[in-house]
Protein chains: 2
Amino acid sequence: MADMTDTGEKDADNIMRIMVATDNHLGYAEKDAIRGEDSFRAFEEILELAVSEDVDMILLGGDLFHDSEPRQSATHKCIELLRRYTFGDKPVSLEILSDQSACFHNTVNQSVNYEDPNLNIAIPVFSIHGNHDDPSGFGRLSTLDLLSTMGLVNYFGRWTDLTKLEISPILLRKGETQLALYGLSHIHDARLVRIFKDFQVTINCPKESEEDWFHLMVVHQNRADRGPKNYLPEELLPAFLHLVIWGHEHDCRIEPEVNAVRDFYVSQPGSSVATSLAKGESIKKHVGILEIYKTKFNLKPIPLQTVRPFVFDSIDLDEYVDELDLASGDASTKVHDFAQKRVEAMLEEAKTMLTGHLKQPTLPLIRLRLRYTDEQHMFNTIRFGQLFDTRVANVADVVKFEKLIKRMKTGKINVDKDAMQRAMVDNVARVEELLDRYFDEVKDKNPLKLMHAKALSEVTYRMVERSDLDAAESVLRFYNEKAVEHLMDTLPALENIDDELNNFRLRNKVDDLLKSLDAYTLKTEPNVSVVSAIATDVNLSAAPATASRPARGAGRGRGSRGRGKGSAAAARAPSTRAKPQLDVSVAKTGSSAGPQGLLDVSKIGRRSRAPITYTVSDDSD
Amino acid sequence: MADMTDTGEKDADNIMRIMVATDNHLGYAEKDAIRGEDSFRAFEEILELAVSEDVDMILLGGDLFHDSEPRQSATHKCIELLRRYTFGDKPVSLEILSDQSACFHNTVNQSVNYEDPNLNIAIPVFSIHGNHDDPSGFGRLSTLDLLSTMGLVNYFGRWTDLTKLEISPILLRKGETQLALYGLSHIHDARLVRIFKDFQVTINCPKESEEDWFHLMVVHQNRADRGPKNYLPEELLPAFLHLVIWGHEHDCRIEPEVNAVRDFYVSQPGSSVATSLAKGESIKKHVGILEIYKTKFNLKPIPLQTVRPFVFDSIDLDEYVDELDLASGDASTKVHDFAQKRVEAMLEEAKTMLTGHLKQPTLPLIRLRLRYTDEQHMFNTIRFGQLFDTRVANVADVVKFEKLIKRMKTGKINVDKDAMQRAMVDNVARVEELLDRYFDEVKDKNPLKLMHAKALSEVTYRMVERSDLDAAESVLRFYNEKAVEHLMDTLPALENIDDELNNFRLRNKVDDLLKSLDAYTLKTEPNVSVVSAIATDVNLSAAPATASRPARGAGRGRGSRGRGKGSAAAARAPSTRAKPQLDVSVAKTGSSAGPQGLLDVSKIGRRSRAPITYTVSDDSD
């Protein structure tokens, strides 16, 4: 705040104060007797902070809920907290300037909640959705839609048409400060990158001179490079932004980092509750108070006091062979005793994380990862956890063994274990990526009969990442309808149906199919018979087929009973889709980086290296 | 309304006007492409009527939702409708006089929504829960809890402690009229009757002279006699009531009927959407405008205009043997053609049900029930339905065959089919009752090993009636914990554990167990090993055991492999629980029935024949 004084801050009336938080994952481990309240406790602390810090609004970066259809208990607790902390007589000092119907969806009044004459809002909450609480299931609704319709949350950046993106910012003014808030709710990374590269992304800038606005964007995507098409490269975002609030990544990197290519800042607040016992989740958790004055900003990190202590450690046992004398005697016991001492030390470290906050749970999360190559070094981890029965929150999985794989053996069975291994070792973060890679490996030897691997991958993504229990039904039925359409178009003889279905699989443009899938809902009548006809594809025992290049292995493993005809050629036409011509229509003139702590982004040089088409149009209002 | 003029109604300020509706079953058949919107359409019409009739409040009798954890789409649509129709600037003219924290639960402000300074309510909605939307699942929440916490509904009559009932009315005043509104949300009928008979039911009457109040109760129970303990006899309700609004029963009997024993009136509005193709659902659906002036009331039925036409017919084919000449030739075809003509006539009848309302769906529901004894009279009902493909809403089940069972054969297999048949024919309405009767039949020959049949029945009830998917987990774990407690108490030798568990099953007071079950939630840690040990009980192949009286049949059927020891005596101690002494502490003096149309219940004679203890205490405020 001291920095603000010399930049013309006479009174608080001109500075916008925003509580920034993300990935609250309400309802995570809700049934766990010990950890069940953790997500709600942290979220309540955030709301308390918003009140005590007297912010103008709260900005959430997605994954407010852990499940796309959370249990009613989680939704209920969230409603209760929002009503308790965000309603009241405090006047909201943010004037809204944009066309609200363009920014908000599914609200009864198509307006921000604090302009609803029937509600008395003190602190408006703005949120995009994440991958955990995105619209899914019957009716394609996010829990944020419920909260929005109730008037508890202003849900923005919601996309239903995934063939193109048109992002209209919410325009807010407080005194001399004008904020253009761009929301990009979660879209499957691969699809988002495809939209960026295949289509024009339209970002509607405010009419007035864009220098008069602070351009803030909030996204919920992979930020770390998790393989091609598996993250959103920061460079795809436009250079006129001042700051990007990045949700989805759970490790706290809230201090703004400059992106060298685009010259905007990125702040990654991280989750408020650990949903996995990974290293990133053990970094101290923060939220931030974002202060904006004209085009200057300051982001003050606030450490959360009620988060359960979590200590993570990782050991490569091969490095301890000499120190622990593992080559001789009972190596397992030696490793066990070593691990026990290590955990004791970690428990000591956990004590240093106690904040003294009355609501902070004291029982810590402890995770010791032991990487091994020699199975002789392993011990029973369940029994090990019992040693710390009353002292850790996660008794069942204090120690986790992880095999360091050095090389693979060769062997042929129906599910090609080699291909699976190759797919696995290559730093796979998500199960659908694993599927992609596996079917890429085996596609010539072991193709699916009707369904394309990408469609199966889509099912997996929806079921695993989005907890969308209707995914299999929805995707299979959609795929099936398309297959039936194809048969109706080609009208093959009865004995040729199998071949024609194989042709369908090979010919159809899976990407195009998947694109139109998003517009598809379960509203159609069930067609059980054909769905079951597809079912043979789903268990991974596909029929042998003539491959366009020779299969790498010779023998065929146990239990693989070929049922298909295997007559269709497996050769696939090379992709001939034209890449759109890329050009850049957003450009800015130079300036330079401001001092640390108070970043004057308006002075930062902006180079236009973006290999992407943005159409920057006037805002409709 | 003409009736009101001569009873001192000078202005509308003294008459309370209440929209009465029940069993809206929002979300019923939500995924059905044709019928999916039916429940919401009718509910919207009710809300529109509430606005156009300018009522003071809406009173719902339970089962607002069809599922205890409805899909988000259903919850969302309900929220949207309530926000659109019940919020606004119209002042609420009902003064609340009672202690609100005693009447309302789970509301943030422990108050009616229209007194919440942060909400602008025009028409308050009051609701109890039904069997479909009662608190269940993790956290034991009803969707009404969500709506209540949002401030959309005033949820009352919610019981968590089912060992006793203490009903405090909501006290409301409008001018000269004072209303005491008693809510009794759904409780499993058998349990409710048990509570009435085992314990004192406390009903807190208003402090002031009870003649100054109109006593209105809303319940959601079986009203029709569906077997002992399977309905709430009207006589169990206190005589000082003026009117009971009865939910749960779907056939519309909205015209108030006097109960001869208690001398109160009962109005049964019925459902607003047909959730089964039973005769009762084909009765024209209504809601009511209840007008109350002091202790007089008038209930004006309003037919709903947007309900899908539904025609039901039933034929006993045996009565048509001569007319249709079924004794010779192709009886099946003859019945088929007869049915087809009948359905054509029903379709004509359905046309007379069209109201002309723009939102009314025109495709009717048609159900022709054909009762038969001779299977030669049957035909393919699926193919039959296809004849009316584009003309009915329920193509799949236009015709339903129902076997008239005249006598049973005798035969012994593991699942005693005879016992099952005997249990089935006796007018069984619910599956858990079927279970009860079945196990009652076979208890000596074929007892369960650990679990009592009543516990299994409880599981079934929760899963089927309340769609509570956690029921099996919850009840089994609870039962298991009690069994383990018993083993820890008795500490049998290893080889005697089976016997001791059998003893546990026989000895434990199942009723008491089930009572405490309601206080039990899933918050405890899972104990997978023992749950699986119980699993053998759940598939109905229990071990043979020595019976205290000879089994009726001799042979033992196929596939029954006894696994238990069968050594414990199956004799059960006769129930020795003392019946509480019954007396009546509510008594009123005589009066006589008022004229039809306007019923002055204050003049009706009240006899105190109730074999039940009510403690009528002063209201706390």
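Two strands are taken to pair if DSSP finds at least two bridges between them, with strands (E, at least two residues) and helices (H or I, at least four residues) being DSSP runs numbered from the N terminus. The model is predicted: local features need pLDDT of at least 70 and side-chain atom pairs count only at pLDDT 80 or more, whereas totals for chains, interfaces and linings use all residues. Residues are numbered from 1 along each chain as its sequence is written, and chains are lettered from A and ligands numbered from 1 in the order in which they are written.

In chain A, Leu368(A) stands opposite Val399(A) of E18(A). Strand E17 (residues 365–372) of chain A runs parallel to E18(A) and is joined to it by five bridges. An open sheet of three strands in chain A has the order E16-E17-E18, with parallel pairing. Its edge strands, each pairing on one side only, are E16 (310–316) and E18 (399–403) of chain A. Direction ignored, neighbouring strands of this sheet are turned by 20° against each other on average. Helix H7 (residues 331–351) of chain A lies across E16, E17 and E18 of chain A, at about 145° to E17(A). Axes are lines fitted to C-alpha atoms, for helices over the stretch in contact, and angles run from 0 to 180 degrees between N-to-C directions.

The contact between the chains takes 33 residues from chain A and 33 residues from chain B, residues being in contact if their C-beta atoms, placed from the backbone, lie within 7 Å. On the side of chain B that touches chain A, helices H3 (72–86) and H5 (143–150) of chain B each supply at least two residues. H3(B) gives the most to this side, with eight residues.

Note on methods:
Two residues are in contact if their C-beta atoms, placed from the backbone, lie within 7 Å.
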